[in-house]
Amino acid sequence: GVHTLEILKCLNSRGNNDGLDVDPIESAKTKERLNRLGYGDDILTVKLENFANIDKVAEQVGLFDFVLADLGVSSMQIDNPERGFSYKFDGPLDLRLDPQKGVPASERLREMSRDEIAGMLIENADEPYAEEIAKAISIQQKKKPIRTTTDLREVIETALSFLPKAEPKAAVKKSSQRSFQALGIDVNSAYEVLESFLERLPDILAPGGSVAILTCPSGEARLVKQSLQRF
């Protein structure tokens, strides 16, 4: 809600901010927090909606003067061990933005072959040790299924044990970050959702309207740059 709060301040009680998010947990918390700050339903509308469906929202409320798409996860999601977004906290390996839909990352890993896991790590996070990590995951799954964030981090440590003694700690940290990122993109179909949003973008902006897109993973940044070049 940090960006939303700044936009609401700029509106200065004129117009309306439509906030879209698929996370039912954090959406409710954010709405309550902003309501307490004085931003009620007269200026703020929080919709439990995927931004890939922004065209449906535009049909209801009209064309948008400004669109801000923040593609990253929030600190509230990362810091909640029950959501499974971070290798730093022990919890279920979930990573779903909407815990009520789709399958958790632990189940997704069980569905994928070694080659599919390696491909996912490369495509979604440019992971340099994708083959080694995919191999270690496949071996571990045959012994005991990977169910928690700690399970996955320990498998990554095992996969990178071949590195010189001075390197493993930093390498495990970076590969864990990239692997969790890749899994999060996969279980939430992030690229497909982003592509749908970008396709609809030209038709939902009012004349003179503008858009800002905040990206983090390199794959998302590439999609955004390629799409905006076509407009």
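**The core and its surroundings**

Guide: Start with the largest nonpolar core, which has 30 residues; L93, L95, I117, I137, L152 and L183 have the most contacts inside it. A nonpolar core here is a set of buried Ala, Val, Leu, Ile, Met, Phe, Trp, Tyr and Cys residues joined through side-chain atoms within 4.5 Å, and buried means under 20% relative accessible area, with exposed over 50% and partly exposed in between (1.4 Å probe, protein chains only). Keep in mind that this is a predicted model, where local features need pLDDT of at least 70, side-chain atom pairs count only at pLDDT 80 or more, and totals for chains, interfaces and linings use all residues. Residues are numbered from 1 along each chain as its sequence is written, and side-chain values use heavy atoms, leaving out hydrogens and water.

Who builds the core? At least two residues each come from α5 (105-111), α6 (114-125), α7 (130-143), α8 (149-159) and α9 (168-187). Helices are DSSP runs of H or I, at least four residues, and strands are E runs of at least two, numbered from the N terminus. The largest share, six residues, belongs to α9.

Now zoom in on L183. Setting aside neighbours within four places in sequence, L183 is in contact (heavy atoms within 4.5 Å) with L93, L95, A105, L109, M120 and L152. There is also a second, separate core of 22 residues, with I54, Y191, L194 and V224 among them.

Charged pairs come next. Side chains of opposite charge can pair when their charged atoms come close. A salt bridge means a side-chain nitrogen of Lys or Arg within 4 Å of a carboxyl oxygen of Asp or Glu, and the count by this rule is twelve. One of them joins R108 to D186, with the closest N and O atoms 2.6 Å apart. R108 sits in helix α5 and D186 in helix α9, so this pair ties together parts 78 residues apart in sequence. R108 counts as partly exposed, at 25% relative accessibility. Salt bridges with shared partners also bring in E111, so that R108, E111 and D186 make one network.

For another pair, look at D41 and K31, whose side chains meet in a salt bridge at 3.3 Å, N to O. D41 is in the loop between α2 (24-36) and β2 (44-48), while K31 is in helix α2, so the two tie together parts ten residues apart in sequence. D41 is exposed, at 57% relative accessible area, whereas K31 is partly exposed, at 27%.
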